[in-house]
Amino acid sequence: MKKIAFLTSIMILGLTLSCNDEVLNKVNPNGVTLDTYFNNDAELTAGVNAVYALVQHNGLVSREWFFTHDLRGDEMATGGGQLEAPRAQLLNGVNDAGNSVSNAVFTGWFRVIHRANVVIEAGAAAKPTISEAVRTRVVGEAKFLRAWAYYELGTLWGGVPIYTEYAKSVDGSKARSSQQDVYNVVISDLKAAETALPATYTAANLGRATKHAAQMLLARTYLQLGDYNNAKTELQKIVSSGLFKLVDNYLDLTNEEGEFNAESIFEVVYAPSGGAYNWGGDGDGTAVQEETVRTQEYSAVGWRNLIPSNKILNDYERASKGDAKDDPRYDMSYWKPGDKFNNGNSTMTDDRVQGNASVVDGKTVKISWRKYSVLYKIDNGFYTSGINMRIMRYADVLLMLAECENEAGNSAAAIALMNQVRARASVQMPPYPTSNYPCNNKDEILRALQHERFVELAAEQVRNFDILRWRKHKKLKSEPISFFVANKHELLPLPQTEIDNNPNIEQKDQNPGY
Amino acid sequence: MSPLRQEQNITCCLSQNFINLTNIRGMKKNLLHREKLLQLMRISLAQIILAGLFAGMGYAHPAFSQKVLLQKLSLNLEDKKLCEVLFLIEKKADVRFSYLPKQIEADRKVSIQAEDESLEKILDRVFKKTPIRYEVFGSKQILLSKTPLERYEQQQDLESLPKIQPIIIQKPDFRVQGTVTDNTGEPMVGASVVLEGTTQGAITDANGKYTLDLADDARNGTLIFSFVGYTTLRVAIDGRATVNVVLEEGKVLDEVVVVGYGTQKKSSLTGAVSSVSQKDLKALPVISLTQAIQGRVPGVSITNNSSPGADPIVRIRGIGSISLNPNPLFVIDGVPAGGLNNIDPKDIESLEVLKDASAASIYGSRAANGVVLITTKKGSVGKIKVNLDSYYGVQSAWKTLDLLNRDEYIRYGTALLTASNQPVPGRFSNLNTPVYEGASTTFAQTDTDWQDVMFRSAPIMDHQLSISGGNDVSRVYTSLGYFSQDGIMPVTDYQRQSFRINSDHKVAKWLTLGQTLLVATDKRRAERDGGGRSLIMNTMRMTPYWPVRDPTKIGGFSTTAQGLDATDPENPLRIAEQEQQDQINYGVKLLGTFFTEVKFTNWLKYRFVAGADFANSQFTSFLPIYNDGNRSRVIASLSENRNEFFSTVFTNQLTFDKSFGNHNVNVIAVAEKQDAKSESISASGQRPDNNIKVLQGVSNPNGSSSLSENSLISYVGRLTYDYAGKYLLGASIRRDGSSKFAPGRKWGIFPSASVGWRISEESFMKSITAITSLKLRASIGQTGYNAIGDYDWQPLISANNTIYPFGNTTTNLGSYFNRLGNTGLSWEETTMSNIGFDLSLSQGRFDISAEYYKRKTDGLLLSVPLPESLGFSSSPLANVGSMQNTGFELALGYNHRSADFNWSLTGTFDMVRNKVLSLATPNATINSGNNADFGGFDITRTQAGQPIQSFYGWQVDGIFQSAAEVAAANALGNDNAPYQNASTSAGDIRFKDLNGDGKIDGSDRTFLGSYLPKFSYGLNWGGTYKNFDFAVYIQGVNGNKIYNGVKVIGQGMLRLFNASTDVLDAWTPQNTDTDVPRAVSGDPNQNTRTSDRFIEDGSYLRIKNISIGYTFSSEGLKDVTNNVISRVRVYVSSQNLLTFTKYTGFDPEVASRGNNLLTNGIDYGQYPQARTVLFGINLGFN
């Protein structure tokens, strides 16, 4: 009996422990499902916050984005052998469909679009649990960010696939559209955003897209399309808002202290995080690592991957060239031997600067980028920084407006707008016309304007867009890019992986020349 | 002496029967010679376990019988028959011998002189150089036999043999007598005859005769005849005066192999199962048993990886997965568990590798990459045995490279930078300055050998105390171990403390309870990257004129100034001392089982096992503030990650085992459930000083945790059937339900079937005397693999899992959705067929076992390659793709036994061919290995039709010897594009234009070989000579390729860093007969692109272990140590003493950096294997 009782209990125990199939139904406890989320203000806001977070990640504005633009303009030269191969390829125009830098940007913007689509869909219809004000604003922000993504993609790659809803299955991919269609999406999104977004934010929300950021991006889009009239309309809205003015100190445009100043229209925000930088993935995770490597990549002391090109260094007005004075923006844009940095405690010497030298005004000298360099207050070249990337600022608005006025034949207005920028307190360059930049006709004004944009907005990821649109609309006297091959270098190649994995895109759909 | 033992006829009996013996039973052919050899093989395992490796002692004695054997006696016999000697011993000492005269060659003449010597010693001498062993059983009986007691099926009954008492019968009423013989007519000496229900009995004499004087009432009694190894016989007396009996030989237990959920006789095994004995596992000074089995099991590839404490890469029968780590399933005492490093190899009783599907499919959905079964030691019956095993050794790098010294470096650097129009570093012409401010030496006086700085002699030691013992109710084995190994590079080490207790208790005849428990802790400091570069790479690149330390810098290390030195290497010693010092992995592991076994009847058993696996791992990291003049950390960074894993498994098993005539049937049915839970928590923060190394008072604090659970429910059935041990059949089925898959996909069925034919048992084979045994086997079966995440099929919002700092505040969290789920997700499914044979020749002198298999995996889990434009950051896994491995395995054994010199040689050989059959799309490729420091191109490509992760790149077509040659090449294409690029110059490498379009681009790449060996092998030679023992163990692989990244570091000349002396042979217009291209910084021609220039033959032959030991004679020891120490063996051993290879990097055993998938065989400067020399001692205590 004892034996049987023992056996029975053991077996019952054993079988009870092992035979409940319910345990096979397990739900991931580390997250929530799509259908139970985005149901209140905080969740919807978190959704759009994640879009900004992606814009900020390593594949976009923290790193590859500025590289892609800088490498394709004529402002940059290699710092030396330390410039990694895929970057050197872009700089020399020998990049192909496998280029990791441009592919990261392509991928990054589409991930922005995906996240924005999720938010736009989640906020598409009114819900009792979500306040209308938040819903409107968040969807507006998402549309602004989606528009920015398509603006970059359309401008750099041409007609890319358009998704205005996120893919619900792995076979939801689309074929290429036309560049015009891409810009149409941008315009319609930005018009929606312009209506939905506020003009200003509280201090805690600085960095969110505003109505005027939407207007400025819309103006940039119109300029890419050669539509000066519509661009002018949008730009004038910004000017007439009265919210913006040029700041006195040119250095405040790319240092940490000048963030969100009166000249700023849209910034990608970075916050000091003790040197923590998220190199991997999409920059996700809750660790505070909100810095950018911009300062480290171009640092005079340290990697010094890119240095200013001789072309831009010699484009500054200089007394030795017969200009009225040396342009103060030169000193404020570059580190040169003998410069004091680290709050005046360190001196820039050739010993500390690796790589190539430049030739300026006939002299060989080691010159490095100062814009966005945090060396001004520390002595450490391998330091990431919390300096915000200024995506849009008011001086650019004035110069774009000047260009529109010039195109419309309003020379005086154009010159006045340019001179407004030159009159900045810390710059004080004599007004146009000058001996080297006469402004007697539309062409001369355009030449002055192109010079002014070159030096005022140096290394601010504007030049590439300018070259692209000026080239397209035949506003260039000569081709600024030495390696340029027509019908190839206008656009970047689609990533090979996109062609390989998208059943609706074939090799023949690749951009010409690749 | 029994008063009933009256006959004094000691005329022995063998010779007249001898002729009749031949050809009576097939088994007995050529008996004497053959049995000897079989004996050697049989005893090897048991003997070694009992007496220790190479103990040099002939025979095992259950310790509790020591008393019988310690009787002292004196003998002086010259040229006497053995049976006479035994008889005389019986007279002088209180013992009885049981034997078959023919088997022990009782007619053999022996001489023996002994003066007050122990019986043990006398018997040792008598049976020296024979296969006969002596073992005490019962109270004073000694069995003389070739077959160890433990191999007899009824051994458990030995203890319950009738105790024969001297009978005092005043007036015997009648006498029964007779002869006990075996079925060949051979008399059985020492058989017992007992009257049932009494202790009255007798023991047969040297002629197998017995005589019993009994009381009258015993006339109708029953006599019980028994002999160890023979079937006990009951015979009614029926008033007869003479009762002669013939005893039938009982079953001798076959060599038994652990298979899933039970054991199986090796002879009736139909699957491909390889066993590794304890001897092999403890022979090497290694941290884990997986390292010890390298080269010992054909079909199992083991590649050591990285610094001490790193798990080697274990692959069974090729590669079965692409996106998952194709690790085998490890089952430890019935519990599927990991953490093998925590297990002291000396605690292992046996290790079995289930290789083919018929063996492995019993583990169903986790078995596709093979199963390794690990059984830990049980207590032994008898007196408590205490053993202490210790060794201490020193490891060192067996190879260093030729790197530039200071003057060579300056010469090379000048040439390199000048060629790329860069200024010569200012320091080169200004070396007469102090190495740091206030230093007494200058750069000109400094010539640091950084390999000398970074390689060291490192100690390794291991100590284990084990206690084993028990009686027929309870047995216990317990051990305490400590292992410590420093790495050969600074601040890398591993330590382990382990405790084990295993016991089992026969509570009742029908009930056995038992448990196993391991408690272990370990600690590891691994090598760390500096700037994403390995320690080796940083060592190779460091500037020779730079000082090792610099006290003027925060942290004590400096590195070059970028402008003045034009180079920025990481000081490797700084990495070791500052990055490795306080990045520590700690682990605690508890692994235990409780089991109950209930015997309902002789043929039906129930077994319940409850197992638990608990592992706690902790990683603490403190990265200090430093400034080396170039790089710095301005704020100290701290982090701590803890992971707790807890898994339980409950197994219910019914085993039916019964014979019906010649039909032997074994059926098992199992219901099992395993649950696993993994929780992790991590925290980090920053501190403004280096004073506190825990997360206290930190700025920028961050913490997060995660939880993951899975369950597996399984039902298993297995049938094994054989007819007369000749025709073998096996079939099993497992149904697994896993929580890792979506509803509707949770359940899978994994069947298998196998057949075997023991041809040697057929009558027509009996005449072929050379073949001792021959078995053919064939099997087919399916297994699955599910090592995916617990929730991979489920799409998920990552809520509040990212930050965006609006207004420069870091409290704005973001939520996102970046991965689609896949409700169709299922197991990778492997179908494997196997044919093989096991052949034993010349009475077991030679053993051969061979296998051929085909293994096809379908539904390979791959990340669906999504178009970038869909915007998902991670791709869902899907079951796409298939892959095939086919292979051949061979194991050979040879045994030699002579008077003083006994040895055995075993060899293993295997070859496997891997081929990817399909990926997600017909043209899909999976590229891997890209690293900017190594040329910046992918190094491997996985593509249908090729072996997994084959090397893929360009082919070198020589060096352009002149500008004219470059110009001619540039003129080849139609589009005026340069052949390679615009910067190509004389001295650059010319790559092959494979598609003939006149230019070199991506389409000129091709497959350059595989990291998988053409074949691999192991050779193990071990034996004893007198009191010496030796082992030589050779392991090798052949025909594999290594992508030699060390050569890229050494002679790639990408930028100015220190380099190997190869660069002194760089091409110049004066030095054109070279394969090293011109020195030019920046590598404008991309000479370092992935090409066959860096592909090297990775074949190696390595003396993995060579050791020699000496065992001191036990008598002397007992005298000297007052009977405390019974055994002392000392040995010296060397691991990796010699390596024969053409590979020019540090070490040809190149696994995969960081254990990444698809980068096996790429040497990014991985941590090399060490050469070890050690001294060890084994002590046995009484």
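Predicted model: local features only at pLDDT ≥ 70, side-chain atom pairs only at ≥ 80, totals over all residues.

Biologist: How many helices and strands does chain A have?
Modeller: Chain A has 17 helices and ten strands. Its radius of gyration is 26 Å, close to the 24 Å from the globule rule for 514 residues, so chain A is as compact as a globular protein of that length. Its C-alpha trace spans about 115 × 50 × 50 Å along the principal axes, and 61% of its residues are buried.

Biologist: Thanks! How many helices and strands are in chain B?
Modeller: Chain B has 17 helices and 59 strands. A compact globule of 1182 residues would have a radius of gyration near 32 Å, and the 35 Å of chain B agrees with that. Buried residues come to 58% in chain B. Of its contacts with a separation of 6 or more, 71% are between residues 24 or more positions apart.

Biologist: Let's pick a helix. Is H8 of chain A enclosed or open?
Modeller: Largely enclosed by the rest of the structure, because 13 of the 15 residues of H8(A) are buried. The helix covers residues 211–225 and should span 21 Å at 1.5 Å a residue; its end C-alpha atoms are 21 Å apart, which agrees.

Biologist: What follows H8(A)?
Modeller: Gly226(A) does, with a positive phi near 80°.

Biologist: New topic: where is Val32(A)?
Modeller: Val32(A) is in the loop between helix H1 (2–18) and helix H2 (41–55) of chain A. Val32(A) is partly exposed, at 28% relative accessible area.

Biologist: Which residues is Val32(A) in contact with, leaving aside neighbours within four places?
Modeller: Those are Tyr37(A), Leu796(B), Ile797(B) and Ala799(B). As for Thr68(A), its C-alpha is 36 Å from that of Val32(A), and the two are 36 residues apart in sequence.

Biologist: On to charges. How many salt bridges are there over all chains?
Modeller: The search finds 94. One of them joins Glu196(B) and Arg234(B), with the closest N and O atoms 3.2 Å apart. Glu196(B) is in the loop between strands S7 and S8, while Arg234(B) is in strand S11, so the pair ties together parts 38 residues apart in sequence.

Biologist: Is Arg234(B) buried or exposed?
Modeller: Arg234(B) is exposed, at 55% relative accessible area, whereas Glu196(B) is partly exposed at 39%.

Biologist: Which residue does Glu579(B) form a salt bridge with?
Modeller: Its partner is Arg633(B), and the closest N and O atoms are 2.7 Å apart. Glu579(B) lies in helix H14 and Arg633(B) in strand S30, so the pair ties together parts 54 residues apart in sequence. Glu579(B) is buried at 8% relative accessible area, and Arg633(B) is buried at 17%.

Biologist: Last one: which residues make the nonpolar surface patch of about 460 Å²?
Modeller: That patch is made by Tyr723(B), Tyr727(B), Trp757(B), Phe764(B) and Leu776(B). Tyr727(B) sits in strand S34, residues 727–738, and is partly exposed at 35% relative accessible area.

How values were computed
Residues numbered from 1 in each chain as written. Chains lettered and ligands numbered in written order. Heavy atoms only, no water. Patch = residues over 30% accessible without salt bridge, like charges linked within 9 Å, V, L, I, M, F, W, Y side chains within 5 Å. Areas by Shrake-Rupley, 256 points an atom, 1.4 Å probe, with all protein chains shown as cover. Salt bridge = Lys/Arg side-chain N within 4 Å of Asp/Glu carboxyl O. Helix = DSSP H or I, 4+ residues; strand = E, 2+ residues; numbered from the N terminus. Buried < 20%, exposed > 50% of the residue type's maximum accessible area, 1.4 Å probe, protein only. Expected span 1.5 Å × (residues − 1). Rg over C-alpha atoms; globule rule 2.2 N^0.38 Å. Contact = heavy atoms within 4.5 Å.
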